Amino acid sequence: MNAQMFRRLGRAVLLPFLSIFTALLVGGVIIWLSGPKLNGDWFGVKFVLDGYAGLFLGAFGTQKAIIGTLVRATPLIFAGLAVALAFRCGLFNIGVEGQLALGALFAAWVGVNLAGLPAILHLPLTLLAGALGGFLWGMIPGALKARTGAHEVITTIMLNYIAAQIAGYLLTGPWRDPNPTNVTAQTSKIADAARLPMLLPGLHWGVVLAFLAAVAVWYFLWKTTWGFEIRTVGANASAAKYAGINVARNIILAMALGGMLAGLGGAVQVSGVNYRSTLGFNIGYGFDGIAIALLGRTTPLGVVLAALLFGGLRNGATLMQFRTQISADIISVIQALILIFVAAEQIIRWLYHVPKQRDEVGQAALSKGWGKS
Amino acid sequence: MSRNRFLFIIGTVVALIILTVVLGRNDVSPEIVAASMLATTLRFATPITLGALAGLFCERSGVVNIAIEGMMLAAAFGAWLAAALTQSLAIGIAVGILTGMLMGLLHAWLSVTFKVDQIVSGTVINILAIGLTGFLDTQLLSKLRESGLKSAGLLPQLPIPILSDLPVIGPIFRQQPIAWVSVILVIIAHYVLFYTRWGLRTRAVGENPRAADTVGIKVKWMRYANVLIGAGIAGLGGAYFTLEAVPSFETLITNGRGFIALAALIFGGWTPFGAWAAALLFGAANALQINAQQFGVPISSQIIGMFPYLLTIIVLAGVIGRAVPPAADGVPYETE
């Protein structure tokens, strides 16, 4: 790598880094405002520092912490990739929550009902089932948009709620764990053969799958014709159409593939962490995925790094809450702040006097209102 | 909006009510079922109406607003807290409106001044609202509740004198204040948007800001003003949840109603009466879900629960005719 590449990498990372830093700063102020101010505590500042110390220790401080962070980051990587892929086609995939849920449901069904198969068949089938579930759930808004112009923001959000109702119905009804000791809305445990083996104690192979998925997305988008078409449609749909690209098909493909990634993420959670599908485990991944995709500038590498950060923050929040009683919800606030600063990068530029370089491209408009609905 | 669409919506509302009566248990008299459904429909439609009106003002001036959910959630929190601290429901409502406007200010600041993509901006507000209310709920509210903070109660019903004593349709006229305000606002919004100069300027800014600018209309100012008005209305909608529906705040108390309001707006063709009709439809579906168990309707509650969302998708897919948004909706205005 020569100096120029370093500088470009540095510039690409600078704004997100400053956004995160500023968000943590503002978050610190919020914590300070809501925290106790005891004597000898530097007016409550030490309280904030204790909180953040706990946060970072809990995220990256010990081997156990790092493993926890990686496990937390795994579904986030899938969610971020799902959103990023759709973004690349100019689409807003807010349906990750529902796609993840469908993937988990499909995967759990295969995991429970096809028991008796050897692991070499059962495990891949389970994961593929999850991918299929998410694929279908992503294809619906894609097809609606392509054929009828129905804006994917609303349709994906609606499908999230529908997925929640489906899951609620299945997990409290027909697919509920019949074990008499079970009182929650969840399926039975999946067969041993359908579970992801452990790489290290507590670290399942799903992490590797997540990284592989990121590589696959990179390859797909930048090294294949299909990926090129998707990116072209995202950059300028009219120009793509003029060049002969089938815009409708690419819209459907992008949403379906995004859904597939989210579904795979759900399947990995079922197969690697919970060993069953529980009601509501998927809540929050949708917005997290959007934040991660935007923070990672919709590139697979960026998504992985952002997911690791968010996974770390969430993991560390538990330790922070344990040590200082600061509610873990502050992480959501910090995430929102990060997103604000990333989206409105002018604020960061103004705060830290970062001039715009000549070859830097401003953030492209991701959507153009509702279109004809 | 087109006459056919309006009639279709009202027809579906009536059909839902008839459905409940027909499928219900035989031991409950149909009058009671119908009366209950009608009254509940209007009540449940209230937050959706207000949310849709909020979206109306924003979008008519050209600013896409998917943050209605976040605005209502933040306002619900603020309204409850203020009302509980001062034991005054009026102050609670005022603070609710102000909180909504604060969120609206952020949305306008990000999308009009910084020209951030309006859907990103809206998503940011939603995430911020969920995070802040969740954080403050655990960090602040639980401690305050432990030290004796009590709710200020619910807003009382304001029945209309003679009408509320009529059989069957009487209960419709026994509603709480915010529900009445929502109906009045629909009429006011219709008048303001289509019969006043302000409304004309707003619509101009939303359809062709460039032309409006050349005529001397301050585009950014109009957008800020409309977003703030819309956000204030959303704030009132948020106050409904914690001051009119239930006397307490819970995380995610809005439960997607903000998004349904947006769908109602689109369904209603970006007009006040259209949005209101759509809101009534969603209110009816919601009422059906709540009342189904009580009246013994033999459909699983989750299946009924899916109905509003499925309906939204069907509507958006243009099955009942397409609707055209304001032409400049979603496009940041560049002053050249």
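This is a predicted model: local features need pLDDT of at least 70, side-chain atom pairs count only at pLDDT 80 or more; totals for chains, interfaces and linings use all residues.
Two residues are taken to be in contact if their C-beta atoms, placed from the backbone, lie within 7 Å. Setting aside its neighbours within four places in sequence, B:Asn208 is in contact with B:Ala327 and B:Ala328. B:Asn208 and B:Ala327 sit 119 residues apart in sequence, yet their C-alpha atoms are 6.9 Å apart in space. As for its setting, B:Asn208 belongs to the loop that links helix H7 (197-207) to helix H8 (209-214) of chain B. Since 15 other C-beta atoms lie within 10 Å, B:Asn208 counts as partly exposed.

Another loop residue of chain B, B:Glu250, can be looked at in the same way. B:Glu250 is found between helix H9 (219-245) and helix H10 (257-267) of chain B. It too is partly exposed, because it has 15 other C-beta atoms within 10 Å, where a buried residue would need 20 or more. From B:Glu250 to B:Val181 there are 69 residues along the chain, and the C-alpha atoms of the two are separated by 24 Å.

Stepping back to chain B as a whole, its secondary structure amounts to 12 helices and 2 strands. Read from the N terminus, the order is α-α-α-α-α-β-β-α-α-α-α-α-α-α. The radius of gyration of chain B is 20 Å, close to the 20 Å that the globule rule gives for 336 residues, so chain B is as compact as a globular protein of that length. Along the principal axes, the C-alpha atoms of chain B fill a box of roughly 70 × 55 × 40 Å. Of the 336 residues in chain B, 57% are buried. Contacts in chain B with a separation of 6 or more come to 77% from residues 24 or more positions apart.

Back in chain A, and not counting residues up to four places away in sequence, A:Leu81 touches A:Ala213, A:Ala214, A:Val217, A:Leu261, A:Pro300 and A:Val303.

The contact between the two chains draws 45 residues from chain B and 40 residues from chain A. On the side of chain B that touches chain A, the elements giving two or more residues are helix H5 (118-146), H10 and helix H12 (301-316) of chain B. H5(B) gives the most to that side, with 15 residues.

Within chain A, one helix pair is worth a look. Helix H4 (residues 96-113) and helix H6 (residues 152-172) of chain A pack at an angle of about 30 degrees, their axes 8 Å apart. Angles under 35 degrees count as roughly parallel, and H4(A) and H6(A) are therefore roughly parallel to each other. Their crossing is left-handed.

Technical notes: Residues are numbered from 1 along each chain as its sequence is written. Chains are lettered from A and ligands numbered from 1 in the order in which they are written. Helices (H or I, at least four residues) and strands (E, at least two) are DSSP runs, numbered from the N terminus. The radius of gyration is taken over C-alpha atoms; the globule rule is 2.2 Å times the number of residues to the power 0.38. A residue is buried if 20 or more other C-beta atoms lie within 10 Å of its own, exposed if 12 or fewer, and partly exposed in between; C-beta atoms are placed from the backbone. Axes are lines fitted to C-alpha atoms, for helices over the stretch in contact, and angles run from 0 to 180 degrees between N-to-C directions. Angles under 35 degrees count as roughly parallel, over 145 as roughly antiparallel, 65 to 115 as roughly perpendicular and the rest as oblique. A crossing is left-handed if the near helix is turned anticlockwise from the far one by less than a right angle, and right-handed if clockwise.
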